[in-house]
Amino acid sequence: MIGDADITGAAAAFCGRGPVPCRGDAMPGYEAARANMVERQLQPNKITDERVINAFAIIRRELFVPEKLRAIAYSDTDLPLGNGRYLMAPMVAARLLQAAEIVRNDNALVVGAGVGYEAGLIALLGRNVVALEQDGELARQGRAALVEHRIATVSFVENPQVSGNRIRSAYDVILFAGAVAEVPAEIPAQLSEGGRIVAVIKADDGPGRATLTTRTGGILASRVMFDAATPLLPGFAHKPVFVF
């Protein structure tokens, strides 16, 4: 994981390594880098769903990161967006989306959508996406990147994230675009029958665990799929417990 203070240094450190070459200020080869991401990060890590693979091959990840990080947009790491926010590593996002089994008629909610990269991917897989993001600047960047892709089925909603977005529920898929200590109690109620929640659940002192939660017959059931070092979304850490 790259820290907020390491944006310039990280770009220099990765420059000339991996799929993206360094040539002065110009960083060509994004198409090749995107193809290499699919071939070297996703497919070797159990990503077999062709629709998910195609979505990652289409969406231009470099448009969703700060300009100084575009050289490493396709690296296998979480990329800092500023103010403690990160864009999830491609492999983690891909495995979450594959587990969600999104079909064309699905409506989705992305909690902590940030710059909307995952929302854009889901838009290629489902019907409509609500991108819930309380940081107005990140939402602005996300809207601009989605316009570049001519994606019109993502709606950014700039509201507090911990309560979800009940007004547009119920959702067939809910994805958290960052780790959370737990899924807030209000959000599972916004899930449709047969719906899926995918999130990295991360205790303060433990590893993150990518988790799939499904609603069947009104009952929620969860299972852990894999470990992930995804950074916590601000506001979703464990609340401190005071003992008197």
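In which sense do strand β3 and β6 pair, and over how many bridges? The two strands, β3 being residues 107-111, pair in the parallel sense over 4 bridges. Keep in mind that this is a predicted model, where local features need pLDDT of at least 70, side-chain atom pairs count only at pLDDT 80 or more, and totals for chains, interfaces and linings use all residues. Residues are numbered from 1 along each chain as its sequence is written, and side-chain values use heavy atoms, leaving out hydrogens and water.

- Helices (H or I, at least four residues) and strands (E, at least two) are DSSP runs, numbered from the N terminus.
- Strands count as paired if DSSP finds at least two bridges between them.
- V173 in β6 sits opposite A108, and its bridge partner in β7 is R196.
- L175 has V198 as its bridge partner in β7.
- Put together, 7 strands form an open sheet in the order β5-β4-β3-β6-β7-β8-β9, with mixed pairing.

- Helix α3 (residues 50-58) and helix α5 (residues 117-125) have axes that come within 9 Å and cross at roughly 130 degrees; axes are lines fitted to C-alpha atoms, for helices over the stretch in contact, and angles run from 0 to 180 degrees between N-to-C directions.
- On the α3 side, R51, V52, A55, F56 and I58 make the contact, meeting Y117, L121, L124 and L125 of α5; contact means heavy atoms within 4.5 Å.

- Most residues other than glycine have a negative phi, and most peptide bonds are trans.
- The peptide bond from S169 to A170 is cis, with omega near 10 degrees, and A170 is found in the loop between β5 and β6.
- E101 has a positive phi, near 50 degrees; it lies in the loop between α4 (90-100) and β3 and counts as exposed at 58% relative accessibility.
- R150 also has a positive phi, near 60 degrees; it lies in the loop between α6 (136-148) and β5 and is exposed, with a relative accessible area of 79%.

Definitions and conventions
Buried < 20%, exposed > 50% of the residue type's maximum accessible area, 1.4 Å probe, protein only.
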